[in-house]
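Dear colleague,

Please find the structure below, together with its sequence. A short account of the findings follows it.

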Amino acid sequence: MDEAVTSATGTTSFRFRPVGPGRFFVAAFLSLWLCGWLAGEVFALWALWRILGALLTGGEGPLPVALFLLVWLSFWTLGGAAALRELLRALWSEDRLTVAADGEVERQVQRGPFRRRRALSGREIRRFQVRGAGAWGGPLVAELSGRSLEITRLGSLRERQEAAEQLNRRLGLRPVAEDPAEDPGQAQSRIPAVPALPVGWQESTPSFGSPLLVPDQALRRQQRRVMGLVNLVLWGLLALLLRGGPAGPGFWALGIPLALLALAGGWGQLWLAFGRLEWRLEPRVLVLQRRFGQRLRTLGEARALELVERVDSDGDRSYRLQALRPPDPPLRVDDHATDPTPLRHLGAWLAQRAHVPFDDRVPSEEQRRQQRRDEMERLRQQLVGSGRLGRWAARQLERAEAAGAEAAQRRPDT
């Protein structure tokens, strides 16, 4: 990060650029890969053009090959775009954050010659912080009301941390450790649950009846457009296949799966247009209902909420907000693959609007450390009881723990 620059008008700018020699190795590998990608892209486009030309003019041609090339090209193009973006990020990129004198924030992202800007209101920003731990750390993020916005991954970890501190001071925001709503043992990991609707949800208030929590209609319109393009491709391919007739090559082998996909895509389009799952907010009751056109069906009622963490076999964590209705299984409200903060805000909003209890069961960092200490202690006890070799391994484990604790105590002084 370049030094924070404050102009005569009171505007402060933070600029982040790629650092470290490792990015040049990444760029060299991606450059070689993109050369092969370009050759494959050109050849596949040429082959697909020849095959589609033969099919449209003479009605003959290897239709299975055309279908395969179309699907393959879609994924191959997306992969090339992602690789090009990473190449630009490694060699020619810049993230800039500008804070105006009135507290308004503007974020500018540059990847090669491409730039985009986004304005943020300083009133909706709760704090800036660096997510993650370790030598490289995580991105600099802005905690908003109900969601987190990634600002940058560029620059060094120290530069991102310094920028977070200066931004918090510049806007008068509280860092996580100083938030009075937090328990001291959890201040380093848990964002307070502010009642706010995250992205993807909106409240609908009917003329009569209780308010509803429904999916964001703007987002649903975007999903309908994407699904419409998918259906256009599927039904177009099905029409080409039917044009060749049952005697065409691969008619039954490709026709049946393609017809099933087209029917599934059509049903998805109808559901996005006329159907939705929604929550009706009654006093001390959350009611899940399915709406399709004018038809409405109640799926379940719940009187409490909880936010849980789920860990898969690889150790990856995901989060779920669910509504409790014992003794029946919980009702899913929403999921998030990496961050519990949006679900925490949504749970607090639902609890406030429907007057139901909300239990946040995601462990804090202090609780995680205590769990690791308990696991290490159980392992040590098992080693001690396993014999002479186990007792020797337990002593080595104790020495390693003591050395790690001593290094952690010295780290703040350095």
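Patches are built from residues with over 30% relative accessible area and no salt bridge, like charges being joined within 9 Å and nonpolar side chains (Val, Leu, Ile, Met, Phe, Trp, Tyr) within 5 Å. A salt bridge is a side-chain nitrogen of Lys or Arg within 4 Å of a carboxyl oxygen of Asp or Glu. Please note that this is a predicted model, in which local features need pLDDT of at least 70 and side-chain atom pairs count only at pLDDT 80 or more, while totals for chains, interfaces and linings use all residues. Residues are numbered from 1 along each chain as its sequence is written, and side-chain values use heavy atoms, with hydrogens and water left out.

Arg 388, Arg 391, Arg 395 and Arg 399 form a positive surface patch. Of these, Arg 399 lies in helix 8 (residues 388-410). Arg 399 has a relative accessibility of 54% and therefore counts as exposed (buried is under 20%, exposed over 50%, partly exposed in between; 1.4 Å probe, protein chains only).

The whole structure contains six aromatic pairs (ring centres within 6.5 Å; planes under 30 degrees apart are stacked, over 60 edge-to-face, the rest tilted; the six-membered ring is used for Trp). Trp 267 and Phe 292 are stacked, at 5.6 Å centre to centre and 20° between the planes. This pair links helix 5 (residues 251-274) to strand 12 (residues 285-292), its members being 25 residues apart. Phe 292 is partly exposed, at 30%. Trp 271 and Phe 292 are also stacked, because their centres are 6.3 Å apart and their planes at 15°. Trp 267, Trp 271, Phe 274 and Phe 292 form one aromatic cluster.

Kind regards

Technical notes. Accessible areas come from the Shrake-Rupley method with a 1.4 Å probe; for residues, only the protein chains shown count as cover. Lys and Arg count as positive and Asp and Glu as negative; His and the chain ends are not counted. The place of a charge is taken as NZ of Lys, CZ of Arg, CG of Asp or CD of Glu. Helices (H or I, at least four residues) and strands (E, at least two) are DSSP runs, numbered from the N terminus.
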